Amino acid sequence: MWSSIVPKSTVLWRLTPPSQVFDAKATPAGTSSALTLALSVSMAAMDVGKPGFIYVLALAGSNWFVFNGSSWSLWSGGDVPGAFTGNLPPGHAVTPISGFDVRGLSGVQFFVAYGTSLTEMLNNARFKMVYQVP
């Protein structure tokens with residue numbers, strides 16, 4: 001790579017510090033007959049302290065389910081409840097499944113997202129699929 005740089009040329013590098021990037025992950029534990037799924041999300045530093053929502057969703061076939069912080073419900077359009085609502089923290093963890101039998105839920109995907117609204121979150125691509133039931 002360096003050999004292709006013309007001598008005395010100006011090279012600009014754009015580096016994005018990790019603190020400016022949204023990230024989410026899942027930590028599964030247990031067996032498929034008693035799965036516990038812990039989800040965590042890290043907000044970009046520029047969004048910390050802003051009013052917003054952290055969303056936890058599951059896609060089962062063509063049906064979306066939302067976790068409101070204490071229970072799951074089928075989403076049929078309109079507003080999506082947040083698993084967290086308030087000033088966005090640097091990080092947040094939630095356990096939407098604890099000791100649940102997922103043997104009949106093969107392929108269900110879990111997503112974590114955040115934003116000041118559902119539209120803003122989608123427009124800025126702050127969502128991530130973090131786990132798929134085997």
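Let's start with Phe-53, which is partly exposed, with a relative accessible area of 26%. Here buried means under 20% relative accessible area, exposed means over 50%, and partly exposed is in between, using a 1.4 Å probe and protein chains only. Tyr-55, in contrast, is buried at 2%.

Before I go on, a word on what you are looking at: this is a predicted model, where local features need pLDDT of at least 70, side-chain atom pairs count only at pLDDT 80 or more, and totals for chains, interfaces and linings use all residues. Residues are numbered from 1 along each chain as its sequence is written, and side-chain values use heavy atoms, with hydrogens and water left out.

Now, the rings. Rings of Phe, Tyr and Trp (for Trp, its six-membered ring) pair if their centres lie within 6.5 Å; planes under 30 degrees apart count as stacked, over 60 as edge-to-face, and the rest as tilted. That rule gives 6 aromatic pairs. One of them joins Phe-53 and Tyr-55, which are stacked, at 5.8 Å centre to centre with 20 degrees between the planes.

How are the rings of Trp-72 and Phe-110 arranged? Their planes stand at 70 degrees with the centres 5.9 Å apart, so this pair is edge-to-face. It also links distant parts of the chain, since Trp-72 belongs to strand 5 (residues 72–74) and Phe-110 to strand 8 (residues 109–115), 38 residues apart. When I say strand, I mean a DSSP run of E with at least two residues, numbered from the N terminus. Trp-72 is partly exposed at 29%, while Phe-110 is buried at 4%. Together with Phe-67 and Tyr-131, Trp-72 and Phe-110 form one aromatic cluster.

The charged end of Arg-126 sits over the ring of Tyr-114, 4.7 Å from its centre. For an Arg that label needs CZ within 6 Å of the ring centre and within 35 degrees of the ring normal, and for a Lys the atom is NZ.

Let's move to strand 3, residues 51–60. Is strand 3 mostly covered or mostly open? Mostly covered: 7 of its 10 residues are buried. As a reminder, strands of a sheet pair through backbone hydrogen bonds, either parallel or antiparallel. Two strands count as paired if DSSP finds at least two bridges between them.

Strand 3 has several antiparallel partners to show you. With strand 6 (residues 84–87) there are 4 bridges, and Phe-53, our opening residue, has Thr-85 as its bridge partner there. With strand 8 there are 7 bridges, and Tyr-55 stands opposite Ala-113. With strand 4 (residues 63–67) there are 5 bridges, and Leu-59 is partnered by Trp-64. Strands 3 and 4 also form a hairpin with 2 residues between them, and Gly-61 in the turn has a positive phi of about 65 degrees.

Elsewhere, 3 strands form an open antiparallel sheet in the order 1-2-7. Strand 1 (23–31) and strand 7 (91–100) stand at the edges with a single partner strand each, so one side of each is left without a neighbour in the sheet. Strand 1 pairs with strand 2 (residues 34–42) over 9 bridges, and Ala-26 stands opposite Leu-39 in strand 2.

What about the inside? A nonpolar core is a set of buried Ala, Val, Leu, Ile, Met, Phe, Trp, Tyr and Cys residues joined through side-chain atoms within 4.5 Å. The largest one here has 24 residues, and those with the most contacts inside it are Leu-39, Val-41, Phe-110, Tyr-114, Val-130 and Tyr-131. Strand 2 gives the largest share of this core, 4 residues. A second, separate core of 8 residues includes Leu-57, Leu-59, Val-66 and Ala-113.

Phe-111 and Leu-39 are 72 residues apart in sequence, yet their C-alpha atoms are 9.1 Å apart in space.
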